[in-house]
Amino acid sequence: AQSINVENFNNPGATGAVIPGSSWVNNVTRGPDAITVAGAALDDNGWGATGQSLNATGMNFLTIFAKRNPGNDAPFFQISFVDQATLKTHIIAVSTANFGTEAITVFQVPIGTWPSGFNIADIKEWTIGGGTPGIVAFRMTLDHLTLSATAVLSAPTITTQPEDRVIGIETGTTLTVAATGSPTLRYQWKRNGTAISGATNPTLEFSNTAPSAADLYQVDVSNDIGTTPSRIAKLSVLDVRPTHALAATSAAGYVPGATVTITNTLTYAGTTPTALGWRVMLPTGWSYASDAGSAPETKPAVGATGLAEWTWTTLPDNGATFTYTLNVPGIETGPQSLTAPLVITQGGVSGLVLAKSDPLIVPAARLPHAMDRNGDYLISLPELTRLIQLYNTYKDTTRTGAYAVATTTTEDGFTQDSLRASGAAVTLTRYHSSDTTRDATISLVELTRGIELYNHRVGTVRTGQYRVQAGTEDGFAPGP
């Protein structure tokens with residue numbers, strides 16, 4: 001260890017106590033982290049501890065945090081370490097003139113040579129005072145006693161400074177400081193030079209922040225040796241409100257193999273940013289197709305995947321509204337989410353504000369079954385017959401049920417693939433609703449499911465009614 005604590009004088013929590021029978025009895029006032037010796041106290045040793053187990057191995061210096069009070073006549077402050085096994089004593093004495101009278105003074109003194117045979121690895125007893133039987137008045141405030149391996153004394157060193165922050169209204173951030181030093185570090189945050197009540201941690205947190213919180217913030221980091229002020233961090237709170245939503249044309253959600261359009265709106269009031277960047281992480285396989293609206297300086301390239309970004313260094317006067325359109329993979333399923341962090345820059349400092357809703361959920365559109373060519377949610381005999389036709393696709397004399405996406409107009413957008421051999425793997429840009437295994441073939445089981453939808457009856461009347469139903473093998477169920 002580089003240092004060990006002998007006594008912190010905390011109340012409660014001190015290692016020692018007033019020694020019974022000494023002149024310090026009833027003459028010691030205890031504060032939260034110091035004692036003041038006054039009244040009729042004399043320069044005998046009046047405070048100490050027994051039954052301790054201090055390991056002073058490798059310790060070379062004693063550091064004393066103390067103040068000399070008016071009326072002190074004791075010439076020395078002394079600490080005595082006692083080896084209870086051998087009754088040998090090691091005394092360290094310093095002149096009380098080394099301590100100031102206005103504030104706690106830190107004074108460091110070499111420990112010196114321990115007596116031969118003294119067990120410094122297990123010191124059980126120590127006492128402090130003036131070192132005499134009690135002759136003259138002892139008037140001191142004692143704050144801390146520490147043994148250390150080296151003689152380095154310094155105020156805290158700040159290793160991580162609080163940084164400037166730019167945030168949006170009603171959002172949050174955290175200012176952070178990190179420092180090294182000993183003994184225990186203390187923190188006090190200030191706003192524009194005035195201490196903030198209760199702000200005594202290494203972090204200063206903001207949440208649901210109002211514009212009035214914008215100001216200059218600093219933290220003082222202290223130990224018993226001194227105080228180190230941090231750099232002044234500027235917090236800017238901008239009234240910036242980004243939103244994004246499905247455009248009216250895409251309100252039902254996305255269609256696999258088609259496109260989906262998102263409308264984005266940005267409003268700001270008061271102090272405006274000097275630059276903006278709108279970012280969107282696209283779902284896997286989705287790509288940027290186009291945009292329209294408030295013209296940015298930069299935007300994604302057509303076909304871009306992954307992160308899409310638009311930037312403005314010259315801001316529109318009254319906010320910005322723009323749309324972007326994305327290509328959706330033909331094999332996409334289930335709801336997808338879009339998170340749009342807006343990068344706001346002010347005075348060379350940037351922050352993020354998440355567009356609401358966060359995230360934006362883009363559902364799969366609830367479309368009719370691929371058999372249902374007229375979209376009336378009724379499966380007719382001709383529509384079922386078309387599914388049977390796809391099922392009856394042959395390669396030579398082998399029925400394969402293979403189909404493909406049509407390159408020319410067909411009633412359902414698909415065509416028989418009579419060139420594909422049975423079992424041949426293929427990937428399509430979109431799949432028939434009946435193809436629940438997504439293998440580009442219609443099996444007997446999948447055909448039977450289509451017949452089940454076709455055969456829905458009300459009483460004795462076959463209606464062919466069906467409905468969208470999540471959780472089934474094909475996303476549909478018989479009946480209205």
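Glutamate 170 is partly exposed, with a relative accessible area of 45% (buried means under 20%, exposed over 50%, and partly exposed in between, for a 1.4 Å probe and protein chains only). The structure is a predicted model, in which local features need pLDDT of at least 70 and side-chain atom pairs count only at pLDDT 80 or more, while totals for chains, interfaces and linings use all residues. Residues are numbered from 1 along each chain as its sequence is written, and side-chain values use heavy atoms, with hydrogens and water left out.

Glutamate 170 lies in the loop between β13 (165-168) and β14 (173-176); strands are DSSP runs of E of at least two residues, numbered from the N terminus. The phi of glutamate 170 is positive, about 65°, although the residue is not a glycine. Aspartate 396, in the loop between β31 (394-395) and β32 (398-399), also has a positive phi, near 60°. With 68% relative accessibility, aspartate 396 counts as exposed. Most residues other than glycine have a negative phi, and most peptide bonds are trans. Two cis peptide bonds were found: one from lysine 356 to serine 357, with omega near 5°, and one from aspartate 358 to proline 359, with omega near -5°. Serine 357 is in the loop between β29 (349-354) and β30 (360-362), and proline 359 is also placed between β29 and β30.

Leucine 142 is in contact (heavy atoms within 4.5 Å) with residues including Trp24, Phe65, Phe77 and Ile128, not counting residues up to four places away in sequence.

An open sheet is formed by 5 strands in the order β2-β5-β10-β7-β8, with antiparallel pairing; two strands pair if DSSP finds at least two bridges between them. The edge strands, β2 (17-18) and β8, each pair on one side only. Between β5 and β10 there are 4 bridges in the antiparallel sense, and alanine 49 stands opposite tryptophan 126 in β10.
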